[in-house]
Amino acid sequence: IEERLKEYELALWGGVATLRSNDNDVDYRQWRKFANNLELQKRLPGINGIGVIHQIKRENVESYQQEQRLLRPEYKTHPLHNGDVILPITFIEPLGVNKEAVGLDMMHEHNRQESLLKARDTDTAQITGPIFLVQDKDKTPGFLFFAPFYNSDDHDTLNERRAQFA
């Protein structure tokens, strides 16, 4: 199990490297190409998908959704809440089995939020406690694995990580 989790983590850091090498400006087509080249089902069995979660300030949600709808007209964030930021799943591949997760805001549920913010604050990969994946009709327990990415390579302190978190 530990060896498999290490392989999963390497895939996440590969995704972070892809984002950072493109100044975090990767669109849905580029992410799909990255994910398809990972050949998850062949090389990393057990992973249901690999995605990108963006941090969006409340006042930028509408423009963010409009930008995402250029390539995916049905894109919307959910569920609604009154927080200062949202952290929705922007991209996830493979899309088919994960379609219901697209746009899901990680801030809506404690285990997701806690692990994602811990990843942000520590610049380390983090696994959630047990959760139910929205796309799993059988409601079997699962988990999410997060690796943070930032707007700058200068994120050595907690304050810098929080300010540069993307």
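Which residues touch the most other members of the largest nonpolar core? This tour comes to them at its second stop, after a view of the whole chain.

**Before selecting anything**

The model is predicted, so local features are described only at pLDDT of at least 70 and side-chain atom pairs count only at pLDDT 80 or more, while totals for chains, interfaces and linings use all residues. Residues are numbered from 1 along each chain as its sequence is written, and side-chain values use heavy atoms, with hydrogens and water left out.

**Stop 1: the whole chain**

Show the protein chain as a cartoon and follow its 6 helices and 8 strands, which from the N terminus run α-α-α-β-β-α-β-β-α-β-β-β-β-α. Helices here are DSSP runs of H or I with at least four residues, strands are runs of E with at least two, and both are numbered from the N terminus. Along the principal axes, the C-alpha atoms fill a box of roughly 40 × 35 × 30 Å. The radius of gyration of the protein chain is 15 Å, which agrees with the value near 15 Å for a compact globule of 166 residues; it is taken over C-alpha atoms, and the globule rule is 2.2 Å times the number of residues to the power 0.38.

Next, colour the chain by accessibility: 43% of the 166 residues are buried, where buried means under 20% relative accessible area, exposed over 50%, and partly exposed in between, with a 1.4 Å probe and protein chains only. The side chains include 21 positive and 26 negative ones, and the centres of the two sets lie 5 Å apart; Lys and Arg count as positive and Asp and Glu as negative, with His and the chain ends not counted. Of the contacts between residues at least 6 apart in sequence, 56% join residues at least 24 apart, a contact being heavy atoms within 4.5 Å.

**Stop 2: the cores**

Select Trp31 and Ile50, which touch the most other members of the largest nonpolar core, a set of 22 residues. Helix H1 (2-21), helix H2 (28-38) and strand S1 (50-53) each supply at least two residues of this core. Such a core is a set of buried Ala, Val, Leu, Ile, Met, Phe, Trp, Tyr and Cys residues joined through side-chain atoms within 4.5 Å. In soluble globular proteins, nonpolar side chains tend to be buried together.

Keep tryptophan 31 selected and display its surroundings: leaving aside neighbours within four places in sequence, it is in contact with Gly15, Leu19, Val26, Ile50, Gly51, Val52, Phe91 and Glu93. Apart from this core lies another, of 20 residues, among them Ile56, Ala101, Met106 and Met107.

**Stop 3: two cis peptide bonds**

Glutamate 93, one of the contacts of tryptophan 31, is joined to proline 94 by a cis peptide bond with omega about 0 degrees. Proline 94 is in the loop between strand S4 (89-93) and helix H5 (110-122). Then move to the bond from histidine 78 to proline 79, which is also cis, with omega near -15 degrees; proline 79 is in the loop between helix H4 (61-69) and strand S3 (85-86).

**Stop 4: positive phi outside glycine**

Select aspartate 23 in the loop between H1 and H2, where phi is positive at about 50 degrees although the residue is not a glycine. Aspartate 23 is exposed, with a relative accessible area of 64%. Lysine 139, in the loop between strand S6 (131-132) and strand S7 (141-142), likewise has a positive phi, of about 55 degrees, and at 48% relative accessibility counts as partly exposed.

**Stop 5**

Valine 134 is in the loop between S6 and S7 and is partly exposed at 25% relative accessible area. Not counting residues up to four places away in sequence, valine 134 touches Glu100, Ala101, Leu104 and Arg112.

Arginine 69, in helix H4, is partly exposed at 29%, and beyond its neighbours within four places in sequence it is in contact with Glu62, Tyr75 and Lys76.

Finish at serine 152, in the loop between strand S8 (145-146) and helix H6 (158-164). Is serine 152 buried or exposed? Serine 152 counts as buried, because its relative accessibility is 17%, and it touches Arg20 and Gln164, not counting residues up to four places away in sequence.

Terms used: Charge placed at Lys NZ, Arg CZ, Asp CG, Glu CD.
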